[in-house]
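Trainee: Please show me how to read the features of a model like this one.

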Amino acid sequence: MRLLRTAWPRELGAAVSAAARDSTGRKEDVLAAVQLANGRWVAGTRAAVYLPSDTADADRRVGWERIERANWDAEASVLHVYETTDFGTPLRATELKVEDPGRFGQLLRERVDASIVVQRHVPLSGKRGVRIVGRRNPSGADADVTWNIVLDKGLEPTEPGVVEAAEAALREVRDEFGV
């Protein structure tokens, strides 16, 4: 007999497994979860984080390689999760109102860090430049690498030559690391 000690409802695990099967064809087990102030839950697995969607009864599956960063605001009791987006567009931000992120916060940090394969800053104008980040889902070594380009403050993609320089920096980093 297998006994499970979890701090989340059994229905959450079943819902995450069903959502994973629908999107990937594989089952995923919840590694950590936290209840939001509004009663909903967010959960993390080896391959993805399940964040609230705009509808009250659904969650969004976001692979760890699609999470740019997260930070915890203890004063406001809000966990901010930022998803990567296409170059030149703002990051997608999700605010999670929780009392304490606990183990879920630890899992979030660990899996986001584990997804980073390459990270390099390339100067474009003085010290200002672009951060090139290659990420791979940490649940599988054969997963494709996704690339993000993040401009430093003060540089805009609408400025002449910035996009071309950023794309050249991306090619340079990819060639250097053979990824």
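Mentor: Start with the elements: helices (H or I, at least four residues) and strands (E, at least two) are DSSP runs, numbered from the N terminus. Arg111 is found in helix α2. This is a predicted model: local features need pLDDT of at least 70, side-chain atom pairs count only at pLDDT 80 or more, and totals for chains, interfaces and linings use all residues. Residues are numbered from 1 along each chain as its sequence is written, and side-chain values use heavy atoms, with hydrogens and water left out.

Trainee: Is Arg111 buried or exposed?

Mentor: Buried means under 20% relative accessible area, exposed over 50%, partly exposed in between (1.4 Å probe, protein chains only). Arg111 has 9% relative accessibility, so Arg111 counts as buried.

Trainee: Which residues does Arg111 touch?

Mentor: Contact means heavy atoms within 4.5 Å. Leaving out residues up to four places away in sequence, Arg111 touches Thr45, Arg46, Trp64, Pro138 and Ser139.

Trainee: In what order do the three strands of the open sheet run?

Mentor: Strands of a sheet pair through backbone hydrogen bonds, either parallel or antiparallel. Two strands count as paired if DSSP finds at least two bridges between them. Here the order is β8-β9-β10, with antiparallel pairing. β8 (116-125) and β10 (145-151) each have a single partner strand, so one side of each is left without a neighbour in the sheet. β8 and β9 (residues 128-136) pair over eight bridges. Val122 stands opposite Val130 in β9.

Trainee: Where is Ser77 found?

Mentor: Ser77 is in the loop between β5 (67-73) and β6 (78-83). Its phi is near 55°, a positive value in a residue other than glycine.
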